[in-house]
Amino acid sequence: MKRFIWILCVLAFCAACSPKEEQTAGVELTPIMHKALNDSTSIFFADFKSFPAERNLLPIGVFDSGTGGLTVLEVMLKLDEFDNVTGEAKPDGIPDFVGEKFQYLGDVANMPYGNYSSEDKDMFFRELVVKDALFLLGQKFHNGFMDKEGSEQKEPCKILVIACNTATAYGLTDIRNLLEMSGTGIKVIGVINAGVNALFSQLGDGEDSSAVGVLATKGTIASGAYQRTIEEMASKLAYKGKLTVVNQPCAGFAESVDTDVDFADASRREVRDSYRGPVLGSTLNDIREDLIPVYHFASANGELLTAETDSSKVMQLNASCNYARLHLVNLIERYREMGGTAPMKHIILGCTHYPFLLDTLKKAVQQIREYTVDGVAVYAKLLPENVNFIDPAKFTAVEAFNALREDKQLALSLEDTQVSGYISVPVYGLLPDQLTEDGELTYDFKYGREHGTEDITTVNVPLLPRYVSEENMNRLASLVPVSYSYIFGEKSKLVE
């Protein structure tokens, strides 16, 4: 009798457990993941049970810390690698994602993502990345910074593309676990594996020794994601050659592309206390005074700010082109100091912001190769003339296409392609000391926030021109014209 009662109790307990809770065994559930899956009282609860069963006409979700991820969206909008009818891997003159709807989120208010690790805020950052995903999976957005509840309706997304290397490094596993436990069958694609796949597709038979450089944010490099993924892929493919990986953390590079005034302020002509970029120093994370002739910094229009006193010299980068030059030189100098001899034929652009400066990087290669000391070209044997800069965007787009086709979730529509852009901004009601003069989150507040709370400090609103600097708007119009047209130009459905 007692055994019978014990069995009944066990059955009752099992019946009380939700399927979501049963699926969490062996998986780390962060607070926000638990709330999204199990806590219907939370503002982060995602009612996955009501997610649309028919998803092929839903949007594709793409997110990044800023506008850099538009380089990935641009490739997706223009991609023509497949026959749209048969799925065969050959171009057919029709964009592969024709008729699809896209939602793009630039989490500008919370960038730079690369600094959360150095400020010991890994858990908070992982939470931010999950919030980005939950927004794209959700059905609400905010019509302005004063709309704290999110009163506007949007469609949920049928697949997620993390167009950010740092977010992929720290958040891909959390999002993948969340989606697996959601029961929706939705997939997530990250850019790091795509970049590494691109590398090995171009390395050849692997009989020779070679070196690959990785330019990425401090956070991405600190995560070890590229190093680890390259080593795992080399082992999986039984790669025969000796491959040296050289990692360069690029402090301030992405931020300068998004015109974060703490790193590059076009209105400045004198050094300033608020500057947070690299400074003169002795490491290869600094501006090395002995390498200044190699950097070839631009300085004509306030791009480089300097000051000198009897006791010290100050140098501050004030343009994205100079960040590109600094970190490329420091990468190849790092390799030289390691005793490298094999040519560095491939350099992975491990941040989606960096392709915006591809022309600058290519020009810098030639200048670095031409630099001589006592008639000797110091770097010419280490840095080939035709360096292959690897942009993971194309491989990310191909992976997303294949995933949607495999799941029979492509729109296959004759309707016009649509893009809805969103950007994060500080929410109304923050204290004055939590905001800068420009209305952005202060550095101390941004990196001082705690994970696991339900505090709302930023909201996602439509991406309108008012939120993008003139310099960045011009860059976007030039370098990602198709994305620009859909979000800001003649194909945009948003009006200021």
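Q: Where is Leu412 found?
A: Leu412 is found in the loop between helix H15 (393-406) and strand S17 (418-426). Helices (H or I, at least four residues) and strands (E, at least two) are DSSP runs, numbered from the N terminus. The structure is a predicted model, in which local features need pLDDT of at least 70 and side-chain atom pairs count only at pLDDT 80 or more, while totals for chains, interfaces and linings use all residues. Residues are numbered from 1 along each chain as its sequence is written, and side-chain values use heavy atoms, with hydrogens and water left out.

Q: Why does Leu412 count as exposed?
A: Exposed means over 50% relative accessible area, buried means under 20%, and partly exposed lies in between (1.4 Å probe, protein chains only). Leu412 has 65% relative accessibility, so it counts as exposed. Its phi is also positive, at about 50°, although Leu412 is not a glycine.

Q: What makes His296 partly exposed?
A: The relative accessible area of His296 is 38%, and this residue is therefore partly exposed. His296 lies in the loop between helix H12 (292-295) and strand S11 (304-308). Its phi, near 55°, is a positive value in a residue other than glycine.

Q: Why is Asn386 called exposed?
A: With a relative accessible area of 69%, Asn386 is exposed. Its place is in the loop between strand S15 (376-377) and strand S16 (388-390). The C-alpha atoms of Asn386 and Gln366 are separated by 9.0 Å, although these residues are 20 residues apart along the chain.

Q: Which residues does a cis peptide bond join?
A: The cis bond joins Met111 and Pro112, with omega of about 5°. Pro112 is found in the loop between strand S2 (101-106) and helix H5 (115-118). Most peptide bonds are trans, and most residues other than glycine have a negative phi.

Q: How many disulfides does the structure hold?
A: The structure holds 0 disulfides, a disulfide being a pair of cysteine sulfur atoms within 2.5 Å. Cys157 is in no disulfide, and the nearest cysteine sulfur, that of Cys164, is 17 Å away. The sulfur of Cys351 is 6.4 Å from the closest cysteine sulfur, in Cys164, which is too far for a bond.

Q: Is Cys351 buried or exposed?
A: Cys351 has a relative accessible area of 7% and is therefore buried. Cys157, at 0% relative accessibility, also counts as buried.

Q: What makes up the largest nonpolar core?
A: A nonpolar core is a set of buried Ala, Val, Leu, Ile, Met, Phe, Trp, Tyr and Cys residues joined through side-chain atoms within 4.5 Å. The largest such core has 86 residues, and those with the most contacts inside it are Ile60, Met76, Phe97, Leu328 and Ile347. Helix H13 (residues 320-337) gives the most to this core, with 9 residues. A second, separate core of 40 residues includes Leu137, Cys164, Tyr170 and Ile175.

Q: Why are H13 and H14 called oblique to each other?
A: The axes of H13 and helix H14 (residues 358-370) cross at roughly 45° and come within 10 Å. Axes are lines fitted to C-alpha atoms, for helices over the stretch in contact, and angles run from 0 to 180 degrees between N-to-C directions. Angles under 35 degrees count as roughly parallel, over 145 as roughly antiparallel, 65 to 115 as roughly perpendicular and the rest as oblique. H13 and H14 are therefore oblique to each other.
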